[in-house]
Amino acid sequence: MTTTTDTVWYADRTRDLVAAKDLDSLAGHLHTHARLCHDNPEVRAALRALSRPDVALLVQAMAALVRQDRRHSWPPRDLIGQLARRLPTDLAPEQLEDLAAFAVEEPYALSPTALETVARGLAATGPISADLMEVLVDRSDESQRLRQFIAELAGPRLDPEDPWARQILTELPTLDRAWRQLVAHASTATTPRPTAGWSTEATRLLAEVDPSEAGQLFDRWLTTAARAPHQQPSSMNADLLRGLLWLVERTDPTPEQVRRIGGLVEAMLRRLPGVGPACPKVANAAVGVLGRLDGEPALAQLARLSARVTYKGTRKEIDKALDARAAALGISRDEIEELAVPDYGLTGVGRHEVALGGCRVELSLVSTSVALAWFTETGRQVKSPPAVVRREHAAELTDLKGLAKEITGMLAAQVARLDRLFLAQRTWTFSAWRQRYLDHPVVGALARRLLWLVDGVPCGWADDALRTVDDTAVAAGDDAEVRIWHPIGRPVPEVVGWRNWLERHRIVQPFKQAHREVYLLTPAEESTGTYSNRFAGHILRQHQFHALTAIRGWTDRLRLMVDDSYPPTFRELPGWGLRAEYWVEGVGDEWDTDTTDSGSYLRLVTDQVRFYPIAAAQNWSHASGGGYSASSWSDARPGDPLPLDRIPPLVFSEIMRDVDLFVGVASVGNDPTWSDGGPQGRFRDYWSSYSFGELSATAETRRELLSRLLPRLAVGQRARLDGRFLVVDGDLRTYRIHLGSGNILMSPNDEYLCIVPDRSTGRAGEQQFLPFEGDGMLAVILSKALLLAKDAEITDASITRQIRSGG
């Protein structure tokens with residue numbers, strides 16, 4: 001048993017030996033009594049009186065004793081580790097060799113700092129042994145400095161399967177030492193955000209490389225990294241890529257580099273089979289860089305990403321960055337998103353013109369993409385860039401194509417943002433609206449195809465002016481109030497009038513507005529009172545449903561076949577103080593048949609739609625069903641569902657439209673290959689009832705539009721509407737295409753015809769004038785109708801076999 005007297009003696013003995021500088025005896029004392037000395041604060045205090053050179057001699061002596069006496073019951077590794085933190089940087093060669101040998105035999109005795117000191121000393125005189133390098137690599141995760149040293153010495157430990165990592169590994173040996181140090185420092189980016197120390201060292205190292213060379217290298221590496229990854233980056237690869245982003249941040253990046261950073265966000269969120277998003281931590285780092293950069297290009301990327309990114313963690317980072325920028329400018333989040341849209345140097349609304357080598361190119365915003373029209377020196381239009389442009393202006397041509405791609409991405413983001421305006425309750429003064437919307441070079445190309453209320457007067461843009469439905473020009477003062485027009489609550493003649501107006505002026509809206517479905521309370525919903533069963537009982541593909549909900553601003557968790565609980569799919573509407581819930585559950589109980597390899601359900605079954613106050617407690621249900629109930633562990637106050645007749649009609653209609661979209665796109669009833677009912681035929685009845693059943697509101701809109709447009713369409717002479725079907729008279733058979741699912745029945749006897757549309761399906765529909773974009777099923781139906789109208793000319797054996805089998 002150790003007494004207080006014994007403890008004091010060990011400390012006194014240590015102080016005496018330190019004072020006498022008898023380092024060999026001190027080493028023996030600490031080695032023999034290691035168990036009693038290593039936790040003695042007085043002993044540690046006494047050892048702090050040693051100078052750094054004496055510390056080196058003592059550590060060397062203690063290490064030698066440990067190596068000699070391998071059977072010691074309590075070797076002083078802890079004391080050696082503590083002392084070794086104070087090793088001087090000018091160790092003698094013999095000390096370096098001894099400590100290196102000790103580190104190989106006792107890999108965790110020396111601290112990472114001590115290991116770095118020893119390794120740097122050895123590297124200054126010759127190569128480091130493979131055994132010591134193995135120890136350094138094993139311990140590198142404990143210290144950024146040690147990790148950086150290893151990267152400087154042997155290059156970063158990258159996985160060359162990533163093309164950008166392979167490119168760096170190829171180019172790095174050809175660069176000078178300053179670049180190797182810089183890349184090594186980038187590999188130490190192991191924290192979510194750069195620390196003050198990391199940033200200081202980065203600034204110092206960047207000052208030692210040529211800025212123009214840095215720009216070129218970073219451009220090449222980021223361009224390669226922003227291409228769609230085919231695998232999940234290793235931890236080291238991800239850290240280095242994050243570090244490169246932080247370095248680019250400190251080099252006053254060009255607008256093109258900022259665009260590449262934005263592109264990297266989307267590349268790193270690309271979903272990989274069995275993995276999910278490729279690398280969210282790099283995506284989040286890129287968003288962090290955009291948030292810290294000043295200027296319009298970074299803000300534009302954040303605005304674009306806010307409408308495109310659905311991954312929850314990264315979306316949260318984007319929201320934080322935009323909220324911070326809005327707060328700094330003293331404006332609202334909605335306003336920051338409006339002001340963030342750049343004009344890209346366009347010379348007019350939706351158009352731009354550039355002269356290159358005597359030739360001319362016109363850039364125009366058509367639909368939701370960018371078209372380039374080329375003209376030779378003589379003014380003749382050609383399909384591709386003239387040879388003189390490709391030969392003498394290659395860099396400008398690359399920049400122009402990059403600009404077109406960037407604007408296309410921004411257009412898609414703005415379409416999503418504008419579609420959210422219906423529930424945003426935004427209003428503007430006419431002057432502000434004109435600047436941010438109508439006359440904006442990019443947003444104007446979309447806003448001029450929408451309908452607006454100016455001081456309550458509905459109007460649209462045609463023939464270079466705002467006009468009413470009878471084409472009277474609208475004059476408005478700067479202070480007139482503007483809001484987006486929605487068909488809910490508008491008189492039927494007004495809605496019909498605007499639909500005709502769009503067709504008369506050949507205006508294609510970027511999404512359904514005049515033709516937007518309106519969902520009113522049904523008698524059944526008035527009877528149930530607090531919930532709607534309108535979209536209950538459907539079988540949906542879970543992963544497709546999950547992706548759609550994210551796009552439309554809903555929150556959904558993938559359900560696994562495990563013993564766990566999940567909230568319903570929900571959408572919060574802070575501006576209205578409401579939360580909408582769509583109740584879904586996993587369906588099936590057989591692993592593999594009903595789940596993915598990772599255990600998530602392949603399919604869901606749907607139930608009620610409900611509305612709650614936004615602060616009400618969340619409901620939960622077991623993954624496999626059993627009903628929803630409010631959680632007992634939440635601090636939120638349980639709330640009853642709100643009566644549907646108290647929900648504002650606009651909110652009710654837009655929420656039900658979302659749910660209709662989820663069902664219309666994700667239902668297994670849309671799959672033409674599921675006529676057998678799927679696994680074990682379990683869903684045959686559902687497939688049949690959905691594939692050829694009553695039309696949803698979306699399908700009714702489809703039918704109403706076709707009733708007016710069919711006479712003008714190429715297929716119109718051979719097609720007619722009959723209830724729920726578009727009937728097409730071919731040369732061999734007559735076909736009935738369901739206006740909801742797009743599935744087909746053939747005469748006689750309503751035989752089923754399976755046609756699986758390929759990725760190009762929809763182009764046939766796009767060749768016809770349609771007054772809105774975004775209805776993929778309408779394009780599928782029209783493409784099938786065009787195909788079947790000439791059924792005798794079909795060459796696809798899988799189709800002709802079915803047609804001729806009973807014809």
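Among contacts in the protein chain between residues at least 6 apart in sequence, 67% join residues at least 24 apart, a contact being heavy atoms within 4.5 Å. The model is a predicted one, in which local features need pLDDT of at least 70 and side-chain atom pairs count only at pLDDT 80 or more, while totals for chains, interfaces and linings use all residues. Residues are numbered from 1 along each chain as its sequence is written, and side-chain values use heavy atoms, with hydrogens and water left out.

The protein chain holds 34 helices and 23 strands; these are DSSP runs numbered from the N terminus, helices being H or I of at least four residues and strands E of at least two. Along the principal axes, the C-alpha atoms fill a box of roughly 110 × 70 × 60 Å. Of the 807 residues in the protein chain, 52% are buried, where buried means under 20% relative accessible area, exposed over 50%, and partly exposed in between (1.4 Å probe, protein chains only). The accessible surface amounts to about 36,200 Å², and carbon and sulfur atoms account for 50% of that surface; areas come from the Shrake-Rupley method with a 1.4 Å probe, and for residues only the protein chains shown count as cover. The chain carries 93 positive and 106 negative charges, whose mean positions are 3 Å apart. Here Lys and Arg count as positive and Asp and Glu as negative, with His and the chain ends not counted, and each charge is placed at NZ of Lys, CZ of Arg, CG of Asp or CD of Glu.

K21 is found in the loop between helix 1 (4-20) and helix 2 (23-32). Although K21 is not a glycine, its phi is positive, at about 55°, and the residue is exposed, with a relative accessible area of 59%. P76 sits in the loop between helix 5 (52-68) and helix 6 (77-84), and at 2% relative accessibility P76 counts as buried. Leaving aside residues up to four places away in sequence, P76 touches L30, H31, A34, M62 and V66. The C-alpha atom of P76 is separated by 60 Å from that of G626, a residue 550 positions away along the chain.

Helix 18 (residues 296-306) is mostly covered, with nine of its eleven residues buried. The buried residues are A298, L299, A300, Q301, L302, A303, R304, L305 and S306. Their cover includes helix 16 (255-268), helix 17 (280-292), helix 19 (312-329), helix 20 (333-339) and helix 22 (394-419).

Helix 22 also takes part in the packing of a sheet. Four strands form this open sheet in the order 3-4-5-6, with antiparallel pairing; two strands pair if DSSP finds at least two bridges between them. Strand 3 (351-356) and strand 6 (381-382) are at the edges with a single partner strand each, so one side of each is left without a neighbour in the sheet. Within the sheet, strand 4 (residues 359-366) and strand 5 (residues 369-375) pair in the antiparallel sense over seven bridges, and E362 has A373 in strand 5 as its bridge partner. Helix 22 packs on the sheet by touching strand 3, strand 4 and strand 5, and its direction makes about 150° with that of strand 5. Axes are lines fitted to C-alpha atoms, for helices over the stretch in contact, and angles run from 0 to 180 degrees between N-to-C directions.

A further open sheet is built from five strands in the order 19-20-21-22-23, again with antiparallel pairing. Strand 19 (719-722) and strand 23 (751-753) stand at the edges, and each has a single partner strand, so one side of each lacks a neighbour in the sheet. From one strand to the next the twist averages 30°. Three bridges join strand 22 (residues 744-746) to strand 23 in an antiparallel arrangement, and I744 stands opposite L753 in strand 23. Helix 34 (residues 797-805) lies across strand 21 (734-738), strand 22 and strand 23, running at about 165° to strand 23.

The loop between strand 22 and strand 23 contains P748 and D750. Most residues other than glycine have a negative phi, and most peptide bonds are trans. The peptide bond from S747 to P748 is cis, with omega near -5°. D750, which is not a glycine, has a positive phi of about 50° and is partly exposed, with a relative accessible area of 42%.
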